[in-house]
Every structure is written in structure tokens, then in C-alpha cells.
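The following exercises ask the reader to describe a protein chain from its computed features. Each task is followed by a worked solution.

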Amino acid sequence: MKRDMKIIEILKNFQDINVFLRRGIYSIGDSFSFTIPQLKIIALLAEKNGLRVSDLSVGSSLSESTVSGIVDRLVKQKTIIRKRSKDDRRVINLYLSEESRTEYEKFNKKKGDFFVNLFQGIDDS
């Protein structure tokens, strides 16, 4: 019984940590006026430009219809650019605009700073 209670306590602690981290990331994302799912898509395109909706769906663990809706909104905001493939006109590749890449880099820096500050009190020993 003691073991079960310890496992439950550990799981609760993981859950609390997850909520805390999500709130921190959400607050950073809010300052850039992107939702977390939008940030997932932007992050994937920041890593590798020229992806298709299906690639983004797999990389973000979101359905293709969800990704398609997110991409439509980001295209309207001029965050993402659609380009037809030169090799196959049926294929549409997605690219992050230069301005959005710069904004994402700022977001990523703030996210890194958040984690550095989070663990600042922990020494190396």
C-alpha cells in the first residue's frame, strides 16, 4: 500500500510540473500572439522549411484537418507562405516567412531563458 501511495504521489508531482511548465510556455506564447498549436507548426517549419500539411500533421501529432485549419490562419496572417513544388504541381510546400522566423527565434530565446531561470538555483554538485 505504501508503494502505491508513493507512485500516486510521484505521478501527481509530474502532473503539477507539467501544468507549471505549460503555463510558463503559454505565457511566453501569448506575448507573441500565437497559440500553442500554431507554435508547434511554426517550430516545425523553423527546423525544416518546405514541409507539407501531412508532414506537419505527423510532426505535431495533430490531425491533417486541424493542421490545415492552422495553416490557413497562419497564411492569412502572412506567417506561412504556400508554394507549389517545382517537381510536382499537386504538392504544396509550406515555408516560414522571414519576419516570422525572426519572431520565432525571439520566442525560442524567451523559452530558453524561462528554463534557465527555472533551474538557476540548482548548483552543479
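The exercises below concern a predicted model.

**Exercise 1. Determine how many helices and strands the chain has, and in what pattern they follow one another.**

Step 1. The chain has 5 helices and 2 strands.

Step 2. Along the sequence these elements follow the pattern α-α-α-α-β-β-α.

**Exercise 2. Compare the radius of gyration of the chain with that of a compact globule of 125 residues.**

Step 3. Along the principal axes, the C-alpha atoms fill a box of roughly 60 × 35 × 25 Å.

Step 4. Of the 125 residues, 26% are buried. Here a residue is called buried when its relative accessible area is under 20%.

**Exercise 3. State how many positive and negative side chains the chain has, and how far apart the centres of the two sets lie.**

Step 1. There are 23 positive and 17 negative side chains.

Step 2. The centres of the two sets lie 5 Å apart.

Step 3. Side chains of opposite charge can pair when their charged atoms come close.

Step 4. The cut-off for a salt bridge is a side-chain nitrogen of Lys or Arg within 4 Å of a carboxyl oxygen of Asp or Glu. By this rule, the count is 6 salt bridges.

**Exercise 4. Describe the salt bridge between Lys 12 and Asp 16, and state where both residues lie.**

Step 1. The distance from N to O in this salt bridge is 2.8 Å, and the cut-off is 4 Å.

Step 2. Both Lys 12 and Asp 16 belong to helix α1, which covers residues 2–30. They are 4 residues apart, about one turn of the helix.

**Exercise 5. Describe the salt bridge between Asp 72 and Arg 82, and identify which parts of the chain the pair ties together.**

Step 1. The side chains of Asp 72 and Arg 82 meet with an N to O distance of 2.3 Å.

Step 2. Asp 72 lies in helix α4 (residues 64–76) and Arg 82 in strand β1 (residues 80–84), so the pair ties together parts that are 10 residues apart in sequence.

Step 3. Asp 72 has a relative accessible area of 39% and is partly exposed. Arg 82 is also partly exposed, at 40%.

**Exercise 6. Give the phi values of Ser 61 and Lys 78, and decide whether each residue is buried or exposed.**

Step 1. Ser 61 is not a glycine, yet its phi is positive, near 60°. For Lys 78, also a residue other than glycine, phi is positive at about 65°.

Step 2. Ser 61 is found in the loop between α3 (53–60) and α4, whereas Lys 78 is in the loop between α4 and β1.

Step 3. The cut-off for an exposed residue is a relative accessible area over 50%. Ser 61, with 66%, is therefore exposed. Lys 78, with 67%, is exposed as well.

Conventions
Residues numbered from 1 in each chain as written. Predicted model: local features only at pLDDT ≥ 70, side-chain atom pairs only at ≥ 80, totals over all residues. Heavy atoms only, no water. Rg over C-alpha atoms; globule rule 2.2 N^0.38 Å. Buried < 20%, exposed > 50% of the residue type's maximum accessible area, 1.4 Å probe, protein only. Lys, Arg positive; Asp, Glu negative; His and termini not counted. Charge placed at Lys NZ, Arg CZ, Asp CG, Glu CD.
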